[in-house]
Amino acid sequence: SKRRFRRDRTASPVLVRRATPHRVHIPFQTWLIAFVIWAGSLGLLHRWDGGAATTLVAGQLAPSSISAEVDFIAEDSQRTQLARDAAVQAVIPVFRVDPGQLRMRDMTRVFDELSQSHGRLAGGMAAAEAGAPLGRLLGEIGIKLDPAQVLQFIPSNRIETARTTLDAVIAPLANRGIVTTTDRVSGFGGKAAQGRVALLLPGTEGLVPRLLAELPTVDEVRMEAFRSLMDELPSSSNLWMVFLRHVIEPTVRYEPDLTRERMENARKAVAPVQVTFRRGTLLVEAGERVTESSLATLQAHAQAVEASLDVTSSLLGLIGKGMLLAAFLFALGGILVAMRAPVIAQPSRLRLAGVVSLGTLALANGLLFFGAKNAFTLVQFTLPFALAPLLITILSPGILAIATGFWVSACLAVMLDYNLPILALGMVVTSIACLTGVNLQRRASAIRCGLLIGLVQAVYAVCVGLLNQQEVASLPGQVGVAF
């Protein structure tokens, strides 16, 4: 070591030694773990979400114009929706014909009791006593008639004739479908506005299309039955009209579940409308309001561009990402070395950081894949920025938690097309997670930590919305997802 003498004014010369800094030794296992983390993270940076379209949100203004780099085919969601809506509108509503809604069973009971009452009269019983059971039956089913009058105007030898006449007239019309005049005019309150219905007839499985105008109304069926009965019993006209008002009811009822099922099947049967975009076609113009349809087109374009890249281009892109991640990893390692952090020589803690960071990136990749498959454009606000630093803070607190959080944030920023706001958000969330996650033994501390992290992500969502000049109506949902 170098030596020099310094003479003090009041003392003898003193020998002073300059301290030589010790060189930090980095074990081989540390290098190996760093390589595994770098390689694993690089492998998880595949863009399932369709590239640049992920950074756009429906309702914002496009920051720049985007033109098609290659020819590609994409779904025109607006035309597809119009075609599906037209298919749904063309579906004929389903109605079930149920003859059981007629009160023919009541008429059968009346005819049977009428026969028995005539038998009691023939046996010498007084008219009032013989018709008492008939009177009780008429009152039970809601027909206000004098039983003596019924016995007088419907003789016993005409009962079976009346029964046969009613069955011959009413049964065919009931199976065909009887509606009210109001329902036929209004199309069942707009459910059959086109004037057409699909009838599910009794004893059949298929649907029979019919015009509402072809279905008889309740009043028409009553008059038809009344005319037929008058030919047999002209003297009992008033009695029959009372009976017919009670017996004949509508036999057609609306089936909402079957109608919705047919509408859904019709919607699914319409294939997506595909549109071919030629190279150079303007997809989104700068300052244009981004819609769900344009987002879907941008995702399809990004996927087509990625699929068109040859092996060399894909390899060069992968090498560029790898170099960027390697530089960031070396920067984090340099900070740890400069701080003489003991974790550099602790492979077990480094392995923990590697497992947590790779698991977090795998989860983020899965969320992006889910968002792309389900057209969920707010998926970037659901990425687990706080997961890695929070877990490391709980399991192995120290500078390693901050380094892990920064590393995951950098990887997510690269994954989302080098998104600087994403990197900034990740760093802020990492800092809060490390500060609040040191002591999570109590439930209140855990809740406070979660609320702070959610609040930061909500503020980030608002900032992104303001920078992108999004519509105010889209901000609450975006903030809610982020929180």
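**Figure 1. A network of salt bridges links Arg96, Asp98, Arg253 and Glu255.** A salt bridge here is a side-chain nitrogen of Lys or Arg within 4 Å of a carboxyl oxygen of Asp or Glu. The structure holds twelve salt bridges. Side chains of opposite charge can pair when their charged atoms come close. This is a predicted model, in which local features need pLDDT of at least 70 and side-chain atom pairs count only at pLDDT 80 or more, while totals for chains, interfaces and linings use all residues. Residues are numbered from 1 along each chain as its sequence is written, and side-chain values use heavy atoms, with hydrogens and water left out.

**Figure 2. Arg267 and Asp85 form a salt bridge between their side chains.** The N to O distance is 3.7 Å. Arg267 belongs to helix 11 (residues 256-269) and Asp85 to helix 2 (residues 77-89), so the pair ties together parts that are 182 residues apart in sequence. Helices (H or I, at least four residues) and strands (E, at least two) are DSSP runs, numbered from the N terminus. Arg267 is partly exposed at 27% relative accessibility, and Asp85 is partly exposed at 30%. For relative accessible area, buried means under 20%, exposed over 50% and partly exposed in between (1.4 Å probe, protein chains only).

**Figure 3. Glu113 forms a salt bridge with Arg120.** The closest N and O atoms of Glu113 and Arg120 are 2.9 Å apart. Glu113 counts as buried, at 14% relative accessibility. Arg120 is partly exposed, with a relative accessible area of 22%.

**Figure 4. The side chains of Glu220 and Arg184 meet in a salt bridge.** Between Glu220 and Arg184 the N to O distance is 3.2 Å. Glu220 lies in helix 9 (residues 218-232) and Arg184 in helix 8 (residues 181-186), so this pair ties together parts that are 36 residues apart in sequence. Both residues are partly exposed: Glu220 has 39% relative accessibility, and Arg184 has 26%.

**Figure 5. The rings of Phe95, Phe188 and Tyr254 are linked by ring pairs into a cluster.** Rings of Phe, Tyr and Trp (its six-membered ring) pair if their centres lie within 6.5 Å; planes under 30 degrees apart count as stacked, over 60 as edge-to-face and the rest as tilted. The charged end of Lys191 sits over the ring of Tyr254, 5.5 Å from the ring centre. A charge sits over a ring if NZ of Lys or CZ of Arg is within 6 Å of the ring centre and within 35 degrees of the ring normal.

**Figure 6. The count of aromatic pairs comes to six.** In the pair of Trp31 and Phe330, the ring centres are 6.3 Å apart and the planes stand at 50°, so the pair is tilted. Trp31 lies in helix 1 (residues 28-43) and Phe330 in helix 13, so the pair ties together parts that are 299 residues apart in sequence. Trp31 is partly exposed, with a relative accessible area of 45%, whereas Phe330 is exposed, at 56%. Phe72 and Phe277 form a stacked aromatic pair, with 5.0 Å centre to centre and 15° between the planes. Phe72 is in strand 4 (residues 72-75) and Phe277 in strand 9 (residues 274-277), so the pair ties together parts that are 205 residues apart in sequence. Phe72 counts as buried at 5% relative accessibility, and Phe277 counts as buried at 18%.

**Figure 7. Helix 7 (residues 159-176) has a kink of about 30° at Ile170.** The kink lies shortly before the proline Pro172. The bend at a residue is the angle between axes fitted to the seven residues ending there and the seven starting there. Helix 7 has 18 residues and spans 26 Å from its first C-alpha to its last, close to the 26 Å expected at 1.5 Å a residue. That expected span is 1.5 Å times one less than the number of residues. The buried residues of helix 7 include Ile159, Ala162, Leu166 and Ile170. Just after helix 7, Gly177 takes a positive phi of about 115°.

**Figure 8. Lys321 lies in helix 13 (residues 311-338).** Lys321 counts as buried, at 16% relative accessibility. Leaving aside neighbours within four places in sequence, Lys321 is in contact (heavy atoms within 4.5 Å) with Leu42, Leu45, Val414 and Tyr418.
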